[in-house]
Amino acid sequence: TTAQIGVTGLAVMGSNLARNFARNGYTVAVHNRSAAKTHALMEEHGHEGDFIAAETAKEFVQALERPRRLVVMVKAGGPTDAVIEEFAPLLEPGDMIIDGGNAHFADTRRREAALREQGIHFVGAGISGGEEGALNGPSIMPGGPAESYESLGPMLEKISAKAADGAPCVTHVGPDGAGHFVKMVHNGIEYADMQLIGEAYQLLRDVAGYSPAQIAEIFRTWNTGRLDSYLIEITAEVLAHVDAATGKPFVDVVVDQAEQKGTGRWTVQIALDLGVPVSGIAEAVFARSLSGHASLRDASRSLAGPKATPLSAAEAGAFADRVEQALYASKIVSYVQGFHEIDAARDEYDWDIDLGKVASIWRGGCIIRAAFLDRIRAAYDARPDLPSLLSDEGFAQEIAAAQDDWREVLVAATRQGVPTPGFAAALAYYDALRAERLPAALTQGQRDFFGAHTYRRVDRDGSFHTLWGGDRSEIES
Ligand code: NBP
């Protein structure tokens with residue numbers, strides 16, 4: 001027998017993905033650098049479907065039907081290159097290597113170009129949904145050559161999550177690194193979503209005076225409305241959880257220093273290179289980084305702050321409603337920024353990415369899955385050239401309805417000294433976009449003053465310079 005697909009790298013993600021393929025009726029060849037993981041998978045889950053266990057790379061490749069489809073699920077970076085180096089010489093033109101790890105899209109572009117020389121199709125596929133998603137249906141973002149999707153696509157569609165309307169959460173995103181790029185931005189948006197939820201929690205706790213259990217209930221209620229999403233759902237679970245050892249709220253016994261693996265940081269680094277303002281995502285990355293500076297925080301605890309004035313019970317309820325508005329409006333801005341980054345990459349790399357499809361495949365399986373994404377899909381489907389999600393009438397109206405509360409929440413946060421960098425960055429972005437005039441005009445004047453960098457005028461074409469050190473007359477340059 002031959003296998004229709006092979007998975008090498010059988011840590012948690014790889015073995016769950018292999019089981020997902022097998023449970024969907026495919027014969028799956030499985031391989032891992034150290035054979036112990038292969039044996040463990042066969043022993044524990046071999047009965048779930050048709051697996052072919054391979055001890056060596058050669059056996060693995062021989063077990064695959066042609067053209068071969070070989071999924072690599074190893075630690076991103078050096079290990080991925082090591083695996084490619086090992087397998088590429090054993091493959092033939094037309095075979096496919098599918099990298100399901102969290103690769104940097106620039107690495108994916110490099111690998112795709114190198115393998116193309118050998119006629120091997122390299123598909124960088126972003127996979128989101130964690131272990132559970134890999135087993136029961138992730139959101140999959142494959143890039144690479146469009147023709148590889150013809151035979152690979154139907155298999156991925158089968159194992160992927162399905163949106164509420166039954167559509168599979170996978171599409172051919174675009175060429176070479178497009179899939180991993182979109183996965184990177186997905187993670188950037190995930191960081192922003194998590195930060196905004198964190199700020200909402202802290203405000204409900206410090207300004208409104210609610211307990212974690214009460215806040216869990218508030219999030220449960222929010223989850224039945226327009227904020228309905230996986231992250232809101234698990235937030236309620238985490239907040240309701242009580243630590244068995246101490247009887248305290250779980251959230252109070254966890255060290256408040258957030259870690260990160262790098263995809264959020266990449267989203268911001270690349271956005272800087274592309275010149276795209278992803279301020280909300282950046283604040284989320286910085287907030288995690290700030291939380292980890294323990295000695296700086298220790299040294300700063302005695303700094304002056306405002307006197308806390310807790311709200312009455314009646315005021316607290318109204319405040320919670322305002323926080324919901326602020327959270328929703330800020331969330332819209334995060335998505336505006338994330339989609340802007342994908343749009344900019346589309347131009348930079350000549351990728352034909354359909355933004356409506358991206359929103360569509362994020363509706364299920366992935367960490368940012370949310371009812372809200374169906375609205376984004378609809379907005380882009382109605383107008384594929386939408387300059388920004390804020391240009392969509394529906395979103396613009398919702399923000400218009402939310403903005404008074406959004407501002408009030410930030411006033412309360414500022415007055416009480418609760419840090420809300422995500423909410424604040426989102427509102428500043430919104431206000432900057434709507435502003436009639438920005439102080440950028442003054443910036444241009446300063447640049448011209450100290451560096452003769454020139455400026456453009458509102459009333460005439462051309463570049464101009466004022467002779468600041470002389471008679472201050474203007475010359476055209
Ligand atoms: P890990 O990222 O922990 O990687 C472990 C696997 O890599 C093992 O199979 C290991 O083989 C293999 N490996 C290493 Br390390 N170095 C190797 C080398 N030089 N040659 C061959 N194999 C090597 O596994 P994971 O958590 O299952 O994640 C797999 C990929 O999926 C990663 O890229 C990750 O970023 C991505 N991802 C993870 C999640 C998640 O929720 N965990 C979600 C989405 C994407 P060994 O057994 O012989 O040491």
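Good morning. I begin with strand β1 (residues 5-8), which pairs with β2 in the parallel sense over four bridges; pairing requires at least two bridges found by DSSP between two strands. Strands here are DSSP runs of E with at least two residues, helices are runs of H or I with at least four, and both are numbered from the N terminus. Within this pair, threonine 8 stands opposite histidine 31 in β2.

The model is a predicted one, in which local features need pLDDT of at least 70 and side-chain atom pairs count only at pLDDT 80 or more, while totals for chains, interfaces and linings use all residues. Residues are numbered from 1 along each chain as its sequence is written, and side-chain values use heavy atoms, leaving out hydrogens and water.

In strand β2 (residues 28-31), Val28 and Val30 point one way, Ala29 and His31 point the other way, and all are buried, that is, under 20% relative accessible area with a 1.4 Å probe and protein chains only.

Let me turn to the whole sheet. The sheet is open, with seven strands in the order β3-β2-β1-β4-β5-β6-β7 and mixed pairing. Its edge strands, β3 (51-53) and β7 (139-142), each pair on one side only. From one strand to the next, the twist averages 25 degrees.

Strands β5 (residues 96-99) and β6 (residues 121-128) pair in the parallel sense, over four bridges. Isoleucine 98 has valine 123 in β6 as its bridge partner. Helix α5 (residues 105-117) packs on the sheet and touches β5 and β6, its direction making about 155 degrees with that of β6. Contact means heavy atoms within 4.5 Å; axes are lines fitted to C-alpha atoms, for helices over the stretch in contact, and angles run from 0 to 180 degrees between N-to-C directions.

How do the neighbouring helices α4 and α5 cross? The axes of α4 (residues 78-87) and α5 come within 12 Å and cross at roughly 10 degrees. Therefore α4 is roughly parallel to α5, a term for angles under 35 degrees. Thr80, Asp81 and Ile84 in α4 meet Arg110, Arg111 and Leu115 in α5.

Finally, the cores: sets of buried Ala, Val, Leu, Ile, Met, Phe, Trp, Tyr and Cys residues joined through side-chain atoms within 4.5 Å. The largest nonpolar core has 93 residues, and Phe339 and Ile376 are among those touching the most other members. Helix α15 (residues 313-349) supplies the largest share of this core, 16 residues. Apart from it lies another core of 27 residues, including Val7 and Met73.

Terms used:
Parallel < 35°, antiparallel > 145°, perpendicular 65-115°, else oblique. Buried < 20%, exposed > 50% of the residue type's maximum accessible area, 1.4 Å probe, protein only.
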